[in-house]
Amino acid sequence: MILEALAEFLTLGELGGVIVNGLAKSALYVMIASGLTLIFGLMGVLNFAHGSLTMVGAYLGGLLMVVTVTGGTAPLTRLGLFFVAIVVAFALLTALGGAIETTIIRPLYDRPPIYQILLTFGLTLVIEELTRIVLGVYGLQPLSDWQAALATKPQFLREPVALGPVSAGWMSLFQILLGAITVVGIWAFLTRTRYGLYIRAGSEDAEMAAALGIDVRQVFTVVFALGIGLAGAAGTLLMWDPTWGASVPLAAETLLPAFIVVIVGGLGTFRGTVVAALVVGMADAVTTWWFQNVIEFTGLPELVLFLVLVVTLIVRPQGLFGVEEVGGH
Amino acid sequence: MSSPVSAETQMLLPTVETMVGVLYFGLFAISFDFISGYTGYLSFGHAVFYGTGAYTVILIANGKVPLLGPGTPFMLSLLVGGLIAIVLAILVGLVSFRLSGVYFAMITLGFAQVFYVFVRGWDYVATNPRDGPAVGPSHAEGFQIGVPGIDQLSLSIGVLTGDEVALLGATLSGTEVSYYMVGLVVLACYFAMQRVIHSPFGRVLLAIRENEERAIAVGYNTYLYKLGAFAISGFFAAVAGGLFAGFKRSASPENSFYFLVTGDALLASIIGGFGTLAGSLYGHLFDETVREFLSKAGQGGGLLPYLRALLGQGTLDTTLVGGTTIGGLIDLLLNGHASLYVGLVFVLFVLYVPDGLLGTLRARLGGTFAEALPAKLWGDSE
């Protein structure tokens, strides 16, 4: 039976579908995790509030869409509004991130790194509960997906598309496109701009960078803000994805895969994050296929993701592209 | 119970049932502090041991564990759960202690989540593994704490299944009996852990936290010490989980194996004082009291029912700006949102009281509470 399933799995149609799915998942993972990895790479802060801020981004983006889109809005206008929503969510959360860094993270740099983990962990509790209160005021159901936000998705994104023998969804292609834009954008920012240079210098050696006249404090604030902004943008993208959607539990659901991706890739290396997102996304897609067709264990994909994390840490503790010394944190 | 301040007392104090929870979860928080507070290794997947203890107790009671029938004494199943947790801790620790810092936290989290997902999908443990197992009809009576086999020296615990005891003219309800019996086990476990911490073994753990390289240079095999401490901590975490399952008679993946359960222990340890052992219990007591005080869910009263009774309907219906009534506003801010205030308290503690409740007190008094307070009060010798 396993052999038959394997034969079916290896046919062009099935395998191609799995690969497209895997790329789409990788794209989502890279968008959720890249903010986390930027923040860790420069400041050594493992931001536990990242998932909650992604969730806030999902609601913000959803709110903008629900307010602006009506039943008669054309699909292309909806797409345009969607990009506006991403930009607005990014801007608002960047501002929020800057405020968080300057007010409560900054006093903790002199303390052991554990305190930053603790602080951001406390922050998630506050953010989630505040979200619940706000949702309560507007009578939205916080636990299940926010259907009104999902409903603003243009019709054609729900439909399948045939690429030769492979059948994929427009939504997957859309996500792959956005993921590629994100990766190229961050890469260009890090390697082609002066500010990216400061960031790379700061993550190599913050003291030396400061000695060379770079305002490291300011760089910290900007990176933390940008990282949070990316979380918000990623949240907006998740709002349309049928397996995620805008809901309060989204916070924990995105936090753990994001951790897996940044750690498998090597904490703080952007290249590692991209590769790890590909690995994790593919592992997710492959096991999802096996779960749907052969093996009956419900938690299989999730189980495999955590196994990838554990095995990576056993075999290569610093992650795929990590540097050994970071383990000192 | 009627006195001039009975309404106020009822508003402030948690119920007995909550207090039983404070005891067993406090024990879990103490066991978390035992490893994380003393060695500095953040065991972010500690819930796996808590869950192991809880599931072991229920599975034994349901006759699902080979060789151990449903009639196995509760004390023995606690021990079995603890031993399984020790084995698990050694297996997890063997690979995890090669890492440190964030990486250690993440690998323990990874292991725990593997177990969480596995248990959530394993239909052997319960007919609906997502909801978790409950004690079935094969074990209708309450779990007994005491000397196994001797009925006179054992008392049952549980919300509905606990024994009632008539003592000096007063009757203790099942929940109150549970409070004392669970308390006995927790106290014994606390003393055992405290004994270990104050032994030379415990000193080495502190040395690891302060400067592991130096501890190695002095000649200690820190790897073995960390592994040993992890196993001990896992054992007591499992006992705590067993007590939880014994009292509640059910468990679910979400309230035993999930990583946010570890998060609650972390909260308790930080509020109480990281690396103070007993502080974790007070930290959890503080946490639960705040929750109970601010959320409607607590039957013990809390601020919301008290305010409603105090202010009266007329005041509650008074309209503030924009059509919101005072009652509506109170409802909005207090009804079931205790986590918000707990989170705020937690953030404030991390920022301004890094030593926690007990740690700060000890620093003020210049020694542990028991030693320093009498000296302060009566000016002994020094």
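Predicted model: local features only at pLDDT ≥ 70, side-chain atom pairs only at ≥ 80, totals over all residues.
Biologist: What is the chain like over residues 74–95 of chain B?
Modeller: Residues 74–95 of chain B are 100% helix and 0% strand, with the end C-alpha atoms 32 Å apart. For residues 223–245 of chain B the span is again given as 100% helix and 0% strand, and there the end C-alpha atoms lie 33 Å apart.

Biologist: Where is B:V65?
Modeller: B:V65 sits in the loop between helix 3 (47–61) and helix 4 (74–96) of chain B. Once its neighbours within four places in sequence are left aside, B:V65 is in contact with B:L59 and B:I60.

Biologist: Why is B:V65 called partly exposed?
Modeller: Because its relative accessible area is 23%, and partly exposed is the term for values between the 20% limit for buried and the 50% limit for exposed.

Biologist: New topic: which residues make the nonpolar surface patch?
Modeller: The patch, of about 520 Å², is made by B:L361, B:F369, B:L373, B:L377 and B:W378, and its largest share, four residues, comes from helix 16 (residues 369–378) of chain B. B:F369 is placed in helix 16 and is partly exposed, with a relative accessible area of 38%.

Biologist: And what domains does the assignment give for chain B?
Modeller: The assignment gives domain 1 (13–294) and domain 2 (303–335), and the C-alpha centres of these domains of chain B lie 40 Å apart.

Methods:
Residues numbered from 1 in each chain as written. Chains lettered and ligands numbered in written order. Heavy atoms only, no water. Domains from an automatic or database assignment. Helix = DSSP H or I, 4+ residues; strand = E, 2+ residues; numbered from the N terminus. Buried < 20%, exposed > 50% of the residue type's maximum accessible area, 1.4 Å probe, protein only. Contact = heavy atoms within 4.5 Å. Patch = residues over 30% accessible without salt bridge, like charges linked within 9 Å, V, L, I, M, F, W, Y side chains within 5 Å. Areas by Shrake-Rupley, 256 points an atom, 1.4 Å probe, with all protein chains shown as cover. Salt bridge = Lys/Arg side-chain N within 4 Å of Asp/Glu carboxyl O.
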